[in-house]
Amino acid sequence: RVYIYNHVLSAYSKVGDQESVFALLQEMDDLEVQPNIITFSIALSACEKANDHSAAAELFSCLKARGLKPNRITYGSLIAAYAR
């Protein structure tokens, strides 16, 4: 199921709809759908598009707290969020 959510999150992220990205992340949490590193990378990209580095920092802390290991895409999205 996480893959379906990732596709929808990606669509929201591409159009810069950060609010829907976070709503969908909350829905995943409510339904106990475990996000993966791709999920967080997509959400970080949405933060970059919204110029919201504080939300990006919060997401990054959350993914680490869940025991996920950031990859180069994740780090790239985080850096891009701070660079804007």
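Which residue with a positive phi follows H4? In this predicted model, H4 is followed by Gly 67, whose phi is positive, near 85 degrees.

View 1. Ala 55, Ala 56, Leu 59, Phe 60 and Leu 63 are the residues of H4 that are buried; they cover an arc of only 140 degrees around the axis, which puts them on the same side of H4. On the other side of H4, Glu 58 and Ala 65 are exposed. The cover over the buried residues of H4 includes helix H2 (18-30), helix H3 (37-49) and helix H5 (72-83).

**View 2. Helix H1 and its buried side.** Helix H1 runs over residues 2-14, and its end C-alpha atoms lie 18 Å apart, in agreement with the 18 Å that its 13 residues should span at 1.5 Å a residue. Buried in H1 are Val 2, Tyr 5, Asn 6, Leu 9 and Ser 13, which cover an arc of only 100 degrees around the axis and are therefore on the same side of H1. These buried residues of H1 pack against H2 and H3, whereas the face turned away from the buried side carries Tyr 3, Ile 4, His 7 and Lys 14, which are exposed. Just after H1, Gly 16 takes a positive phi of about 75 degrees.

View 3. When residues up to four places away in sequence are not counted, Ser 13 touches Val 21, Ile 42, Ser 45, Ala 46 and Lys 49.

**View 4. The largest pocket and its lining.** The largest pocket has a volume of about 240 Å³, and its lining is made up of Phe 22, Leu 25, Gln 26, Met 28, Asp 29, Val 33, Pro 35, Phe 40, Glu 58, Leu 59, Cys 62 and Arg 66. H2 and H4 are the elements that give two or more residues to this lining, and H2 gives the most, with five residues. By residue class, the lining of the largest pocket divides into eight nonpolar, one polar and three charged residues. Among the lining residues are Glu 58 and Leu 59; in H4, Leu 59 is buried, while Glu 58 is exposed.

Definitions and conventions
Residues numbered from 1 in each chain as written. Predicted model: local features only at pLDDT ≥ 70, side-chain atom pairs only at ≥ 80, totals over all residues. Heavy atoms only, no water. Buried < 20%, exposed > 50% of the residue type's maximum accessible area, 1.4 Å probe, protein only. Helix = DSSP H or I, 4+ residues; strand = E, 2+ residues; numbered from the N terminus. Arc of directions from axis to C-beta. Contact = heavy atoms within 4.5 Å. 1 Å grid on protein atoms, 1.4 Å probe; cavity = no way out; pocket = protein on both sides within 12 Å on 5 of 7 lines; lining within 4 Å. Points joined across faces, edges and corners; volume = space filled by probe spheres on them. Nonpolar A, V, L, I, M, F, W, Y, C, P; charged D, E, K, R; others polar. Expected span 1.5 Å × (residues − 1).
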